[in-house]
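Student: Could you walk me through this structure, one step at a time?
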Amino acid sequence: MILHDQHIHSKYSHDSTEEISNYLEIAKKRGCLYFVTTEHYDLDAVSFFCDLIADFTSLQKELKSYQKQYPTIKMLLGIELGYKKDRIKDLEQVLNSYDFDVINLSIHDGNNVDFYIYDTFLKKGEVTLLNEYFDLIIEATTNFTHYNVLSHIDYGFKTVYLVNNKIKISAFEEKIKQIFTNIIKHGKTLEINTKVQEAINDDNHLRYILNLYYQMGGRKLTLSSDAHKSERYASRFEHYQKIIKACGFNYLVYFVKQKEYKYFI
Ligand SMILES: [Zn+2]
Ligand SMILES: [Zn+2]
């Protein structure tokens with residue numbers, strides 16, 4: 001079996017214009033048995049002053065319309081859920097309104113800060129704000145369990161690293177350990193996000209995360225591109241899968257109806 005990508009965005013997300021059909025052509029060429037997009041559901045998005053909500057009803061309809069054209073690919077429904085502590089009820093509502101196959105949990109912003117924007121780190125101080133960023137992930141993974149995969153743990157770190165590559169994620173080891181403790185305890189899966197890895201472009205950064213997770217007993221991983229354009233579908237999976245394997249992992253995880261399956265590597 002060929003592993004499908006479990007974190008991609010199409011025109012149903014605010015930050016992509018890609019057609020589902022373009023992704024499907026690539027998924028078919030690769031020989032994927034499943035296809036899923038994980039559109040954004042980000043409430044109170046700090047930089048946008050609004051909720052960024054995908055239309056999952058229309059997406060579902062479109063996916064269904066392709067099923068005959070792509071009989072060998074099973075269409076799944078996914079979501080990238082932005083954690084917001086004071087909107088838990090609304091998060092639960094969308095999760096209960098659709099039959100999602102996979103739920104990726106993300107922290108893009110919080111405490112009135114957008115972790116994608118370096119200027120905010122300058123104002124508060126890089127280390128101070130990165131501590132806040134990791135504290136938010138600790139809070140999310142402590143209090144919230146209605147998800148399958150923790151997405152891009154190093155998303156906020158990447159923003160700083162791209163400006164100041166002297167900073168190492170190992171400086172936040174105690175906080176990362178708390179996050180790993182939470183996700184392992186709750187049976188969740190850690191995502192390796194190739195978009196973040198490609199940006200950081202230091203395989204030792206990834207090895208550090210993988211080794212720490214493994215030492216703590218973490219075994220469940222997804223490998224995902226976070227593509228917003230079809231060209232990046234499953235981007236550099238072969239390269240990162242080799243590193244994952246070399247760190248001792250012998251399988252990746254995929255989800256159907258939120259039930260996890262092993263893909264041996
Ligand atoms: Zn994200
Ligand atoms: Zn994403």
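Student: In S9, which residue is the bridge partner of Asn193?

Tutor: This is a predicted model, in which local features need pLDDT of at least 70 and side-chain atom pairs count only at pLDDT 80 or more. Residues are numbered from 1 along each chain as its sequence is written. Strand S8 (residues 189-193) runs parallel to S9, joined by four bridges; strands are DSSP runs of E, at least two residues, numbered from the N terminus. In S9, Asn193 has as its bridge partner Ser224.

Student: Which are the edge strands of the open sheet?

Tutor: Seven strands make up this open sheet with mixed pairing, in the order S2-S1-S3-S4-S7-S8-S9; two strands pair if DSSP finds at least two bridges between them. An edge strand pairs on one side only, and here these are S2 (50-53) and S9 (221-224).

Student: Is Leu105 buried or exposed?

Tutor: Leu105 sits in strand S4 (residues 102-106). Beyond its neighbours within four places in sequence, Leu105 has contacts including Leu81, Tyr83 and Phe144, where contact means heavy atoms within 4.5 Å. Its relative accessibility is 0%, and the scale is buried under 20%, exposed over 50%, partly exposed in between (1.4 Å probe, protein chains only), so Leu105 is buried.

Student: How many nonpolar residues are in the contact of H7 with H9?

Tutor: Among the residues that meet are Phe180 and Ile184 in H7 and Leu212 in H9. Ala, Val, Leu, Ile, Met, Phe, Trp, Tyr, Cys and Pro count as nonpolar, Asp, Glu, Lys and Arg as charged, and the others, Gly among them, as polar. In the contact of H7 with H9, no residues are polar, two are charged, and the nonpolar ones number eight.

Note on methods
Chains lettered and ligands numbered in written order. Heavy atoms only, no water.
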